[in-house]
Amino acid sequence: MRPSLYFSAVNTMHAFLKPGSSGFIKKKEKPVSTETTKDSHIPWVEKYRPRQIDDVAYQDEVVNVLKKSLQGSDLPNLLFYGPPGTGKTSTILAAARELFGHDMYRSRVLELNSSDERGIEVIRNKVKKFAQISASAVRPDGKPCPPFKIIILDEADSMTLAAQTALRRTMEKESKTTRFCLICNYVSRIIDPITSRCAKFRFKPLTLEILLKRLQDICSKEQVVCKEDALQALIQVSEGDLRRAITLLQSVSRLKGEEQITKQDILEVAG
């Protein structure tokens, strides 16, 4: 074929192609699910946090009292104390979800970590202002709902004495519109005027069987291959703290990929 005829044929072919097309057929790439991508970045601690009161493990006394309170759409001021990783925060969050539902949860619940925000200014600026907001007994759709808000103060035993004193005054003044839930490891660090205004519940350390079953369940759902002695080591280095154990399991899983997790892997990552 003469050069002039060749270029004429090429130009004719390009006239029928869409702009930007090279004329070659590309293999279609499989679309990546946004849900899968989003889900893979969720910390397992949050992903497997109990969503309902009935999902809370091994804290029967607390669960029974809260279920009765939820049936009457009421809640006392609460003080949860006990070892870390036993479900204290998860329990009150699950109760709040059942009380207010997904739509009203954000407007009715204030959660603060007192180890980061433990001074009197936080009580004055955040807690007091939120507590003073009125709460309707009717949802936007006309259905009834609890006429109060919930303020959750995690690691409350880190609060200064001045902050606890200011909190006690706020608890007194805003008792009609706000319920408080204080969460701590050491109840002895909370002043008496606060503890006397709360229903106190001690969270028991989780048994070895409960911890092992929970970790095995997560391994199954996440398709993680983990040897039995590796899970035992995980529980040991986490000192019974389920939250810490789950976080460590996710860290090791990311490092190992699809490979089996061994006891040595756990010990190396745990340091």
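Mentor: Happy to! The buried residues of H11 are Leu242, Ala245, Ile246, Leu248, Leu249, Gln250, Val252, Ser253 and Lys256, where buried means under 20% relative accessible area with a 1.4 Å probe, protein chains only. This is a predicted model, in which local features need pLDDT of at least 70, side-chain atom pairs count only at pLDDT 80 or more, and totals for chains, interfaces and linings use all residues. Residues are numbered from 1 along each chain as its sequence is written, and side-chain values use heavy atoms, leaving out hydrogens and water.

For context, the chain has 12 helices and 5 strands, assigned as DSSP runs (H or I of at least four residues for helices, E of at least two for strands) and numbered from the N terminus. Of its 271 residues, 39% are buried.

H11 itself covers residues 242-256. Its 15 residues should span 21 Å at 1.5 Å a residue, and this agrees with its end C-alpha atoms, which are 21 Å apart; the expected span is 1.5 Å times one less than the number of residues.

What covers the buried residues of H11? The cover includes helix H3 (44-47), helix H9 (208-222), helix H10 (228-238) and H12.

Two packed helices are described by the angle between their axes and the distance between the axes. Here the axes are lines fitted to C-alpha atoms over the stretch in contact, and angles run from 0 to 180 degrees between N-to-C directions.

Take H12 (residues 263-270): its axis comes within 10 Å of that of H11, and the two cross at roughly 110°. That makes H11 roughly perpendicular to H12, a term for angles of 65 to 115 degrees. Leu248, Ser251, Val252, Leu255 and Lys256 of H11 meet Asp265, Ile266, Val269 and Ala270 of H12, with contact meaning heavy atoms within 4.5 Å. By class, this contact has 6 nonpolar, 1 polar and 2 charged residues. Nonpolar covers Ala, Val, Leu, Ile, Met, Phe, Trp, Tyr, Cys and Pro; charged covers Asp, Glu, Lys and Arg; the others, Gly among them, are polar.

On to H10, which packs with H11 at an angle of about 130°, their axes 9 Å apart. Leu234, Val237 and Ser238 in H10 touch Arg244, Ala245, Leu248 and Leu249 in H11. That contact has 5 nonpolar, 1 polar and 1 charged residues.

How values were computed
Parallel < 35°, antiparallel > 145°, perpendicular 65-115°, else oblique. Buried < 20%, exposed > 50% of the residue type's maximum accessible area, 1.4 Å probe, protein only.
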